[in-house]
Amino acid sequence: MKFFVDTADIAEIKDLTATGLLDGVTTNPSLVAKSLAEKGAGRDFRQLIKEICAIVDGPVSAEVAAVDVEGMLEEGRLLAKIAKNVAVKVPLTWDGLKACKALTGEGTMVNVTLCFSANQALLAAKAGATFVSPFVGRLDDIGLDGMELVREIRAIYDNYPDLSTEILAASIRTVNHVKQAALIGADVATVPAAILK
Ligand code: G3P
């Protein structure tokens, strides 16, 4: 299983890279805002992503803020130009699926995020997503079993070997989540630095 770290904190990313454990990074607007507020003098979103991409060889997810397909494509194309290892993160909405299809067709990695059901994950795979991100912790928060979603997606994708989308277990909150994701066979877990450590 690959480990991504779910942070935009440069110091954390450097520290984890030195261990050889890190296969990639995921960010979101909240994590980016936190990092820029803490250490951002002179930096902006694009510069921060560029810096992270230079530290890590693997995929670095950078999220669009737009909610319409045209806006997602405009932002996604700018993000994809930053570095070859940028994975554009789009929400699992109808417009997000269209943006996924278009960006994937242009050779850009796409992480389709905010996945809350197995059927949504099937749609993301059919739209050509590089990664689909089921939000385990957020489902646990509302009294559901987030890991059950990962299990269902694994079973569905395994039924159709032509689907190449990787399952990226996200909103991971505990070391037990990491173990369960590995037992189920998630391709990747994106984990907060503290949990990874
Ligand atoms: O990877 C998704 C993540 O950033 C959301 O995590 O813990 O805020 O649900 P959480």
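**Ground rules.** I noted that this is a predicted model, in which local features need pLDDT of at least 70, side-chain atom pairs count only at pLDDT 80 or more, and totals for chains, interfaces and linings use all residues. Residues are numbered from 1 along each chain as its sequence is written, and side-chain values use heavy atoms, with hydrogens and water left out.

**I13.** I placed I13 in helix 1 (residues 10-17); helices (H or I, at least four residues) and strands (E, at least two) are DSSP runs, numbered from the N terminus. Leaving aside neighbours within four places in sequence, I listed V5, T7, A8, L22, V25, I52, I55 and V56 as the contacts of I13, contact meaning heavy atoms within 4.5 Å. I also noted A193, which is 180 residues from I13 in sequence but 8.2 Å away in space, C-alpha to C-alpha.

**F4.** I then turned to F4, which is found in strand 1 (residues 2-6) and is buried, with a relative accessible area of 1%. Not counting residues up to four places away in sequence, F4 touches a set of residues that includes L22, V25, F131, L168 and V191. G58 lies 54 residues from F4 in sequence, with 8.7 Å between their C-alpha atoms.

**Strand 3.** I looked at both partners of strand 3 (residues 60-63): 4 bridges join it in parallel to strand 4 (residues 86-91), while strand 2 (residues 24-26) pairs with strand 3 in the parallel sense over 2 bridges. V25 stands opposite V60 in strand 3, and A62 stands opposite V88 in strand 4. Both faces of strand 3 are covered, with V60 and A62 buried on one side and S61 and E63 buried on the other.

**Backbone angles.** Which residues other than glycine did I find with a positive phi? L114, in strand 5, has a phi of about 65 degrees and is partly exposed, with a relative accessible area of 32%. S171 has a phi near 55 degrees, lies in the loop between strand 7 (166-169) and helix 9 (175-184), and counts as buried at 11% relative accessibility.

**The largest pocket.** I recorded a volume of about 410 Å³ for the largest pocket. Of the 20 residues that line the largest pocket, D6, N28, L31, F135 and R138 are the closest to its centre. A pocket here is an open set of points on a 1 Å grid over the protein atoms alone, where a 1.4 Å probe fits, with protein on both sides within 12 Å along at least five of seven lines, and lining residues have an atom within 4 Å of a point. Grid points are joined across faces, edges and corners, and the volume is the space filled by probe spheres set on the points.

How values were computed: Buried means under 20% relative accessible area, exposed over 50%, partly exposed in between (1.4 Å probe, protein chains only). Two strands pair if DSSP finds at least two bridges between them.
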